[in-house]
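Take a look at the model shown here.

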Amino acid sequence: MRDTVLRHHAVLEHPCNDDVLGALSYSADRPESLALNALEMPCLNVSMRRLGVDTSICEVWQGSGQLTQGRYGDIHYRHDGSVLYGVITLPETDATDDGTPLQQATESAYHQLFSLLDSLRFPYVFRVWNYMADINVHSFGLERYQQFNQGRQDAFLAHERDVIGNVPAACALGFSQGALTIAFLAGRIAPLCFENPRQISSSLYPPQYGLRSPTFSRASLATLSQGEVLFISGTASIVGHATVHHGDVVAQTRETMINIEAVLSEVNRQVICRYELSSLNYKVYVRSPADLRLIQTELTRYVGDSLRAVYLHADVCRHDLLIEIEATGMPATGQGM
């Protein structure tokens, strides 16, 4: 039995269809996304350009044992009996009394997500990736990221899900155009959720960040087939609840890594095995491609030559944030808890 694992595949490296739960494909023109879709696996196509290289990238989640796949409403999913991967893409329709187009699409997507997991008895969401167009743009009197947060939390509450504490790791990023796209991993064993002592829990943000707070934990430690995988949520240059180092991408990169290191310290304080910066895989969302070299230099200085990172051109959830970093990894020892 093999672990459910993270792989990165370049354009021409397509995984076998019989052991892959699904994939996230990042590409401005999506050439390999079409090939992955032809394999009929759940694949989320994210219209983001990879920076620093000409090739696009796929993040592939591999299962173990016999796979079951299906469709539930707008969701395409696969599971191996212990871990489920699903993707959903929803266009935005007209505004109604129930909310803005993005708010309604988000609430519908999460309603379907929770209904699917309830029906298949996968009660625990480990990780969610959320991508939407124009995340910092204001419409209907509200920033679109705040509209998204309203729809997401309304669905959590409607399904009697926790909105603080036992919530999944997550990110929410923007691209220039496209439908709301969401990918998620869920399972049958409850993950451990962690916060960052340097930051206020996102669920407790003051009202200036929106009527509904963002709903995610800073990290979750999930049990997969034969071990644990740590998911660190999208992390940025925030201390307490406030953005720091406005306009300074090097300082924001450094502060972001200090926050990730603080999360790792909290994880290592609570579990037996040890997680280290050098054992993680990083996905780095960069607002301005002109900042790439500065960011790469600072990350290498902080993590070392063993740094494994993919850089993507994206809008970050706050207009004053220049960079956001998420990370995924197994213990530095390669062993379970």
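V128 has A170 in β11 as its bridge partner. This is a predicted model, where local features need pLDDT of at least 70, side-chain atom pairs count only at pLDDT 80 or more, and totals for chains, interfaces and linings use all residues. Residues are numbered from 1 along each chain as its sequence is written, and side-chain values use heavy atoms, with hydrogens and water left out.

**The first sheet described**

β8 and β11 run parallel and are joined by 7 bridges. Strands here are DSSP runs of E with at least two residues, helices are runs of H or I with at least four, and both are numbered from the N terminus. Two strands count as paired if DSSP finds at least two bridges between them. The open sheet has 6 strands in the order β5-β6-β7-β12-β8-β11, with mixed pairing. β5 and β11 are the edge strands, each pairing on one side only. From one strand to the next, the twist averages 15°.

**Helix α2 on the sheet**

α2 packs on this sheet and touches β5, β6, β7, β8 and β12. Contact means heavy atoms within 4.5 Å. The direction of α2 makes about 25° with that of β12. Angles run from 0 to 180 degrees between N-to-C directions, and axes are lines fitted to C-alpha atoms, for helices over the stretch in contact.

α2 covers residues 101-120, which is 20 residues. It reaches 29 Å from its first C-alpha to its last, close to the 28 Å expected at 1.5 Å a residue. That expected span is 1.5 Å times one less than the number of residues. After α2 comes R121, whose phi is positive, near 60°.

Which residues of α2 are buried? They include P101, L102, Q103, A105, T106 and Y110. Buried means under 20% relative accessible area, with a 1.4 Å probe and protein chains only. Their cover includes β5, β6, β7, β8, α3 and β12.

**Helix α3 beside it**

α3 lies across β8, β11 and β12, and runs at about 145° to β8. α2 and α3 pack at an angle of about 30°, with axes 8 Å apart. On the α2 side, the residues that meet α3 include L102, T106, Y110 and F114. Among their counterparts in α3 are R144, F148, G151 and A155.

**The core**

The largest nonpolar core has 37 residues. Such a core is a set of buried Ala, Val, Leu, Ile, Met, Phe, Trp, Tyr and Cys residues joined through side-chain atoms within 4.5 Å. The largest share, 8 residues, comes from α2. Y110, L113, L117, F148, L180 and F184 have the most contacts inside the core. Leaving aside neighbours within four places in sequence, L180 is in contact with residues including I88, L102, A109, Y131 and F148. In soluble globular proteins, nonpolar side chains tend to be buried together.

**A further sheet**

Another open sheet has 6 strands in the order β13-β14-β15-β20-β18-β19, again with mixed pairing. β13 and β19 stand at the edges with a single partner strand each, so one side of each is left without a neighbour in the sheet. The twist averages 15° from one strand to the next. β14 and β15 pair in the antiparallel sense over 5 bridges. In β15, I232 is the bridge partner of A219. Helix α4 packs on this sheet, and its direction makes about 145° with that of β15.

The packing angles are listed here.

| Pair | Angle |
|---|---|
| α2 and β12 | about 25° |
| α3 and β8 | about 145° |
| α2 and α3 | about 30° |
| α4 and β15 | about 145° |

Key
Buried < 20%, exposed > 50% of the residue type's maximum accessible area, 1.4 Å probe, protein only.
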